[in-house]
Amino acid sequence: MHFSLQTAASVLATAGLSQALSTWDAAYGKAEKSLSSLSQDEKVGMVSGVTWMSGPCVGNTYAPESIPYPSLCLQDGPLGIRFANPVTAFPAGINAGSTWDRELIRARGAAMGAEAKGLGVHVQLGPATGPLGKFATGGRNWEGFASDPYLSGVGMSETIIGMQESGVQACAKHYILNEQEHARTTMSSNPDDRTLHEIYLWPFYDSVKANVASVMCSYNKINGTWACENDEVLNKLLKEELGFPGYVMTDWNAQHSTVESANFGLDMTMPGSDLNEPPGSVYWGENLADAIANGSVPQARLDDMVTRILASWYLVEQDGEYPPVAFNSWDDGKANVDVTADHAEVARAVARDSIVLLKNEDGALPLKNPKSLAIIGSDAIVNPDGPNACTDRGCNVGTLAQGWGSGTAQFPYLIAPLDGIKNRKSSNATEIITSTTDEATAGAEAAAAAETAIVFISSDSGEEYITVEDNEGDKNDLNPWHNGNDLVKAVAAANKKTIVVVHSTGPIILETILAQPNVVAVVWAGIPGQESGNALADVLYGDVAPSGKLPYTIAKKESDYGTAWIAGGGDDEYPEGIFIDYRHFDQDDIEPRYEFGFGLSYTTFKYATLDITIKATPGPSTGKVEVGGAADLYDSVGTITAAITNAGDVDGAEVAQLYIGFPESAPETPPRQLRGFQKLLVPAGKSDSASFELTRRDISYWDVKSQKWVVPEGEFKVFVGSSSRDVRLDGKFTVG
């Protein structure tokens with residue numbers, strides 16, 4: 001049997017010295033010392049789950065007796081702690097991405113990590129960048145940060161750093177190419193090598209560089225081999241090319257073998273059984289011990305698994321005083337400690353700064369104390385049965401503030417839009433008229449009685465094990481749910497100042513809505529978590545100017561995306577290659593309705609004085625592998641700066657964005673690729689400078705023949721602006 005057995009220790013030994021590696025070095029020193037004290041049964045127990053529902057968490061390992069090391073508690077998820085209460089239900093990853101704010105994304109991660117540690121969770125199953133967003137209808141796109149690898153990579157990195165600085169192990173998922181929910185456990189994803197590297201692997205480079213403790217392999221096959229026993233993906237890419245020193249765990253029920261999964265890179269199986277399958281389906285535990293005893297799996301492989309797991313535990317200093325598990329997932333989840341602290345403030349800030357203003361005619365927003373305001377649509381209120389009435393948020397009743405599935409958390413409370421508006425307008429005399437159903441006639445009647453009408457619509461999605469309104473995880477289409485188009489048409493026909501607020505897990509088609517002449521403003525609020533209504537009121541009333549930018553493209557029609565999830569479990573050959581989302585729209589010259597990176601403000605920004613100071617040599621990466629890949633990939637090649645002036649009379653924040661166009665010597669590349677951004681808070685009438693530092697990786701493409709990242713020779717194009725298409729400044733630099 002041939003297999004690659006690249007251990008984390010061997011990667012570290014050839015990595016050179018850096019601050020990050022010295023941290024891993026210290027962790028590995030402790031791990032190797034502890035390993036020598038463990039029995040064979042204890043080692044096997046540490047890599048094997050105790051089976052589903054046999055411990056307080058969704059995943060639990062066996063605790064050894066020879067060393068002071070616990071049964072690990074592994075718990076969802078990417079926006080808060082699932083099955084526990086009280087916890088903070090943060091805005092989803094896609095809303096964090098919509099802020100384009102590194103500091104805020106890190107603060108969200110830190111707050112989530114603090115709650116996880118406070119509850120005794122050792123491994124929080126997030127953040128997510130898989131799915132990345134190949135399909136606009138993808139059910140779990142909202143768990144990630146953007147349909148762009150660069151922005152996704154920043155979201156992953158900042159979240160991981162925040163979580164792990166708070167003391168919980170982060171888990172980067174789903175690795176890799178798990179882009180749809182339909183047939184996710186049977187289909188094979190078969191991209192070309194360049195597409196895999198430049199789009200889907202890119203955010204995992206950032207995750208590993210951020211010292212993520214663990215990575216979760218996905219349900220699907222990759223080129224015909226299950227992701228959780230794929231030598232190419234786990235050993236060669238993740239552990240060798242990216243220099244990943246942590247451990248790989250399965251998604252729940254994603255293991256398909258004993259020997260192959262062990263030999264080809266898996267380090268931990270979860271939850272230890274195939275959930276609803278017979279106990280005989282356990283692949284590790286005694287079966288792994290037998291495979292080692294008969295020589296099918298080398299002893300060194302088991303020792304490497306355990307060392308990786310121990311090192312990750314030591315890395316985030318969980319060997320100090322760590323709280324015991326404070327809840328039971330299977331017994332109402334009520335915790336014996338309140339870990340929420342002041343995290344509602346972080347949740348509100350993320351929700352507020354993720355709001356994207358898509359349309360605003362004649363200063364319709366912010367609201368200026370209208371005499372009367374009609375609030376219309378079921379999305380304006382909390383589900384009458386309560387915000388947690390549906391298991392794992394598996395329904396779309398009332399205001400949409402999370403998608404559905406394992407990546408959800410229980411709301412401690414939910415401030416709906418109507419609540420937030422009532423709270424905010426308490427100091428003025430605005431009359432509130434409501435129609436909180438989706439019935440068009442009732443909505444029109446309420447709208448006709450008010451000076452201004454705000455109509456709320458939604459579009460939901462989630463994980464495949466729950467079907468909501470005939471949507472099996474992935475969306476069936478990109479139309480608003482609950483006849484949202486008809487509701488808006490009726491309201492707009494009755495009120496000349498109609499504002500539309502959209503809560504959605506991803507893009508929807510807005511053409512019918514925008515065709516209504518009385519729709520004067522459109523506000524995109526995503527899925528904003530527990531502080532939804534308060535955050536929305538902050539923006540609607542102008543307490544804060546909107547600063548969110550789209551993390552994906554909104555098309556004029558669904559077919560413009562050029563991709564659609566595959567029914568029936570067939571293979572996906574990734575024919576679109578590297579051209580997804582805005583790359584596809586730009587390459588094929590398709591006009592979007594709202595482009596990637598788009599978002600209006602209550603003020604205006606002017607760009608000036610582009611300064612380009614880039615110096616790089618062409619050729620492939622040559623650095624030794626360290627944590628995060630070849631060392632020279634992260635070498636700075638210089639900076640690009642631009643002056644930003646707030647030309648209006650309202651304080652505001654602008655996300656300045658840098659896109660790079662590659663020279664003709666490179667293989668076919670998108671016209672523009674995001675390679676930098678900076679969010680600047682600029683007072684009215686003042687100026688600031690946006691600075692973008694580029695690395696060799698940022699100006700490289702993946703060369704399949706040499707298996708290297710290569711900086712091409714020739715003239716690079718530079719685009720700086722307010723979105724992927726709103727270019728305010730352009731320039732160039734030459735390499736070679």
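Student: Is the link of Cys-57 and Cys-73 left-handed or right-handed about the S-S bond?

Tutor: The link of Cys-57 and Cys-73 is left-handed, with -100 degrees about the S-S bond. Before going further, please note that this is a predicted model, in which local features need pLDDT of at least 70 and side-chain atom pairs count only at pLDDT 80 or more, while totals for chains, interfaces and linings use all residues. Residues are numbered from 1 along each chain as its sequence is written, and side-chain values use heavy atoms, with hydrogens and water left out.

A disulfide here is a pair of cysteine sulfur atoms within 2.5 Å, and by this rule the count comes to 3 disulfides. In the one you ask about, Cys-57 is joined to Cys-73 with an S to S distance of 2.0 Å. This pair links distant parts of the chain, since Cys-57 is in the loop between helix H3 (40–47) and strand E1 (59–60), whereas Cys-73 is in strand E2 (residues 73–76), 16 residues apart. Helices (H or I, at least four residues) and strands (E, at least two) are DSSP runs, numbered from the N terminus. Cys-57 is buried, at a relative accessible area of 0%, and Cys-73 is buried at 1%; buried means under 20% relative accessible area, exposed over 50%, and partly exposed in between, with a 1.4 Å probe and protein chains only.

A disulfide also joins Cys-217 to Cys-228, with an S to S distance of 2.1 Å. The torsion about the S-S bond of Cys-217 and Cys-228 is about 110 degrees, so this disulfide is right-handed. Here too the pair links distant parts of the chain, with Cys-217 in strand E6 (residues 214–217) and Cys-228 in the loop between strand E8 (225–226) and helix H8 (231–241), 11 residues apart. Cys-217 counts as buried at 0% relative accessibility, and Cys-228 counts as buried at 1%.

Cys-390 and Cys-395 form a disulfide as well, their sulfur atoms being 2.1 Å apart. Its torsion about the S-S bond is about 95 degrees, so the disulfide of Cys-390 and Cys-395 is right-handed. Cys-395 is buried, with a relative accessible area of 18%. If the bonded cysteines of the chain are numbered in sequence order, the pairing is 1-2, 3-4, 5-6. Cys-171, by contrast, is in no disulfide, and the nearest cysteine sulfur, that of Cys-217, is 9.1 Å away; Cys-171 counts as buried at 0% relative accessibility.

Turning to the rings, those of Phe, Tyr and Trp (its six-membered ring) pair if their centres lie within 6.5 Å, and planes under 30 degrees apart count as stacked, over 60 as edge-to-face and the rest as tilted. The structure holds 21 aromatic pairs. One of them is formed by Phe-716 and Phe-733, whose ring centres are 4.9 Å apart and whose planes are at 10 degrees, so the pair is stacked. It links distant parts of the chain, with Phe-716 in strand E26 (residues 714–721) and Phe-733 in strand E27 (residues 727–735), 17 residues apart. Both Phe-716 and Phe-733 are buried. Elsewhere, ring pairs link Trp-100, Tyr-150, Tyr-582, Phe-596, Tyr-659 and Phe-677 into a cluster.
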